[in-house]
Amino acid sequence: MDELMSKIECHQKSLPMYLHLQMGQPVDQNSRTDFEKLRKSPITSYGKKLIKPEYWFAVSSDKVESVCRFFLLWAPGLYGDPSDVDPSDRPELDPLIDELFISDEENKPGLKHTVSGIDFDSYVRDLVGDSDILDFEMCKALARKLPPRTEGCCWVRSFTTSEDGFSLSNLYRKLADITSPTLLVVEDTKAHIFGALVSCGIRISESFYGSGESFLFKFTPKLKVFSWSGENQYFVKGNIESIAIGAGDGRFGLWLDGDLYKGRSQACSTFDNEPLSEDEDFVVKQVECWTFPGS
């Protein structure tokens with residue numbers, strides 16, 4: 001611990017905080033089975049080093065908020081939703097609920113932030129800008145499907161037709177410096193909501209770009225995600241006249257014109273998706289782009 005602390009102090013002036021994890025039982029039976037497999041897998045049993053009952057980590061002060069978000073928001077399927085947990089009903093979760101804490105050794109020794117003591121919804125609503133399309137439950141559903149590198153990052157509304165106009169050129173301009181994944185959300189005039197997660201910023205390009213982190217989605221009303229099929233790498237391509245996300249055999253998973261007025265959605269081999277809109281051709285009501293600085 002002293003050696004780890006000295007290494008961190010060499011790179012920062014403030015003292016680190018500490019993350020203490022006590023390993024408890026998984027939330028559900030499937031997780032419990034996976035947990036037992038993990039304990040016996042080669043990577044964890046090499047040299048007979050099984051998962052230990054507890055772990056300590058030094059965390060730099062500027063990363064504490066991100067660590068909290070990771071455990072309390074982005075992995076509810078692994079640790080359980082704090083708002084749904086009753087310790088008296090699920091005593092096996094005590095090590096995860098009551099022993100997950102970060103303590104400031106310099107100012108507040110033993111300070112304990114438990115899961116139950118934090119406003120869970122406030123982390124979900126860490127949005128910079130309001131959405132005219134997505135509601136709270138939609139944001140939560142999408143958050144669980146985003147790439148791992150966005151965990152702990154704020155959602156920043158980087159483009160919206162209500163303020164930036166119905167112009168694909170304006171969209172490119174607003175996203176010119178974006179390198180993080182970009183969530184493009186569309187609502188058509190029939191109130192259907194769908195879109196795409198692009199693994200990087202959206203820009204003009206002569207060829208397709210992006211990676212397998214990209215996906216298409218729609219709400220029906222529940223979220224349905226179409227991940228990369230591996231069939232091709234036609235993730236996203238755009239010019240002044242239009243933008244296309246997903247392609248194959250002359251068909252596009254999601255296509256928007258330069259005025260962000262008309263669009264088209266077809267089954268395509270990139271995502272092996274079904275059409276996102278009710279009709280293949282649709283009229284756009286509004287468009288938003290959300291980015292994740294720091295990812």
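These legends describe close-up views of one predicted model. Local features need pLDDT of at least 70, side-chain atom pairs count only at pLDDT 80 or more, and totals for chains, interfaces and linings use all residues. Residues are numbered from 1 along each chain as its sequence is written, and side-chain values use heavy atoms, leaving out hydrogens and water.

**View A. Cysteine 154 and its closest cysteine sulfur, in cysteine 153.** A disulfide is a pair of cysteine sulfur atoms within 2.5 Å. Here the two sulfurs are 7.6 Å apart, too far for a bond. The count of disulfides is zero. Cysteine 154 is partly exposed at 26% relative accessibility (buried is under 20% relative accessible area, exposed over 50%, partly exposed in between; 1.4 Å probe, protein chains only).

**View B. Tryptophan 155 and phenylalanine 292, an edge-to-face pair.** Rings of Phe, Tyr and Trp (its six-membered ring) pair if their centres lie within 6.5 Å; planes under 30 degrees apart are stacked, over 60 edge-to-face, the rest tilted. The structure has eight aromatic pairs. In this one, the centres are 5.5 Å apart and the planes at 80°. Both residues are buried. Trp155 and Phe292 form one aromatic cluster with Trp290.

**View C. Phenylalanine 208 and tyrosine 234, a tilted pair.** The ring centres lie 5.0 Å apart, with planes at 35°. Phenylalanine 208 is partly exposed, at 26% relative accessible area. Tyrosine 234 is also partly exposed, at 38%.

**View D. Arginine 203 over the ring of tyrosine 209.** The charged end of arginine 203 is 3.9 Å from the ring centre. A charge sits over a ring if NZ of Lys or CZ of Arg is within 6 Å of the ring centre and within 35 degrees of the ring normal.
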